[in-house]
Amino acid sequence: MPFDSLGLAEPVLRAIGEMGYVDPTPIQEQAIPLVLAGRDVIGSAQTGTGKTAAFGLPILSLLKSHGPFRCLVLEPTRELAGQVDAAFRDYAKHTDLSICLLHGGVGYGPQRQALAAGADIIIATPGRLLDYLDQGTFHLKSVEFLVLDEVDRMLDMGFLPDVRRIAGFCPSKKQVLLFTATLPPEIERLAAWTLRDPATIEIGLRRSPAETVRHFFYPVAMDQKFDLLLAILEALHYESVLIFTRTKMAADRISDRLIAHEHRVAVLHSDRSQAERTQALAGFKSGKYEVMVATDLASRGLDVVGISHVINYDVPESPDDYIHRIGRTGRAEAEGDALTLITADDVRAIHAIEHAVGKRIPRQKLENFPYHYTTMLEDHPIPKSAVRPKFGRRRR
Ligand code: AMP
């Protein structure tokens, strides 16, 4: 079904035509007619499926004329809010609707000005939005569309009480669209409280990262982790690599050491200023940095095309985090490799990960690396025929 038969407004169709969107994605095909018909929607779809346009295009089509604060989109992280803001600006470029991005980590001045000007659409993270609501800088009494995006992530981050409070500031008559990858009881309760007779759409078409990504474990002694990482980066045939550490301190330390070895590295974690985070992400997307070192902050939702490898420098705390981290590669079914360094401390965590991905993950040994002894190297003999990640020296 082509886009122009879905009932979208002409300026919106023109914008997406110019962006090269030809056919709607499955979630767009399902969601757009429902939203245009005024239905509340629960969508179980992840970032990367075209979800932003699935709610953005019909909302922009329905908003038509001006009126302050008529659409509110809530996002769990600053990065996601920034991404959705950029997409809305593209989709709305032939309309005269104004958009205001509110999140923490940046000054209040420009945000206050945009609010005073009465933006039609607000895209926000919960904390900063509540600051303004509590200060009485603006109100949500005229909200007609409320989008709760990545709600499972909001739950993980402890934001659900804030989300409830914010929804409570909105009028009871509004259209609510809720997107979440999972529906635990807390989210079901939120949905029952906030949505009216919602239509449910599920996008099961995208294969899970657990299936599309090739997984490898690299056993190593604790004192050789960094050396092995360096040797892997030297040998690996990669486009761009995302390296995950468990702590912010480790992220800083690893990136400093990689920079000392002449890698072009960006760092992303929550202690970096917003300007640094934006710059790191933009530089990684543009290719200025070939490596990004991040904490789990970056493991959900980020839309960076072409990450060829994810390296888990530290084994993630939960299998869920593993799935989210590796989901940054192999997006849209492109091929991707996930390499995880494992030490003797990680035995329990690696079994949980294998259970979560539903298969045994092959152990790998890097050729010509001067391994120190660790029981991990003995535990799991590496078959000669094992599939290996692509090695070779080719960088962009
Ligand atoms: P999202 O799931 O909203 O993060 O979108 C993932 C990516 O797909 C973004 O880069 C969008 O610009 C792109 N995209 C969304 N819908 C379409 C479409 N119908 N055709 C082509 N690209 C799309």
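Contact here means heavy atoms within 4.5 Å. Helices are DSSP runs of H or I with at least four residues, strands are E runs of at least two, and both are numbered from the N terminus.

A quick word on provenance: this is a predicted model, where local features need pLDDT of at least 70 and side-chain atom pairs count only at pLDDT 80 or more, while totals for chains, interfaces and linings use all residues. Residues are numbered from 1 along each chain as its sequence is written, and side-chain values use heavy atoms, with hydrogens and water left out.

Buried means under 20% relative accessible area, exposed over 50%, and partly exposed in between (1.4 Å probe, protein chains only). After H6 comes Gly136, with a positive phi near 75°.

Helix H13 (residues 274-286) has 13 residues and spans 18 Å from first C-alpha to last, close to the expected 18 Å; that expectation is 1.5 Å times one less than the number of residues. Gln274, Arg277, Ala280, Leu281, Gly283 and Phe284 are buried in H13. Their cover includes helix H4 (78-91), strand S9 (241-244), strand S10 (265-268) and strand S11 (291-294). Just past H13, Gly287 has a positive phi of about 95°.

Now for the ligand. It has 13 residues around it, the closest being Tyr21, Gln28, Gly48, Gly50 and Thr52; a residue counts as near if one of its heavy atoms lies within 4 Å. That shell holds three nonpolar, seven polar and three charged residues, with Gly counted as polar and Tyr as nonpolar. Some polar contacts (N or O pairs within 3.5 Å) look like this:

| Protein side | Ligand atom | Distance |
|---|---|---|
| Tyr21, polar side-chain atom | oxygen | 2.5 Å |
| Gln28, side-chain N or O | nitrogen | 2.7 Å |
| Gly50, backbone N or O | oxygen | 2.7 Å |

Taken alone, the ligand exposes 500 Å², and the protein buries 73% of that; the areas are Shrake-Rupley values with a 1.4 Å probe.

Why does Gln364 count as buried? Because its relative accessibility is 1%. Gln364 also sits 7.2 Å from Pro219, C-alpha to C-alpha, though the two are 145 residues apart in sequence.

Notes. Polar contact = N/O pair within 3.5 Å; in protein donor to acceptor, adjacent residues only side chain to side chain.
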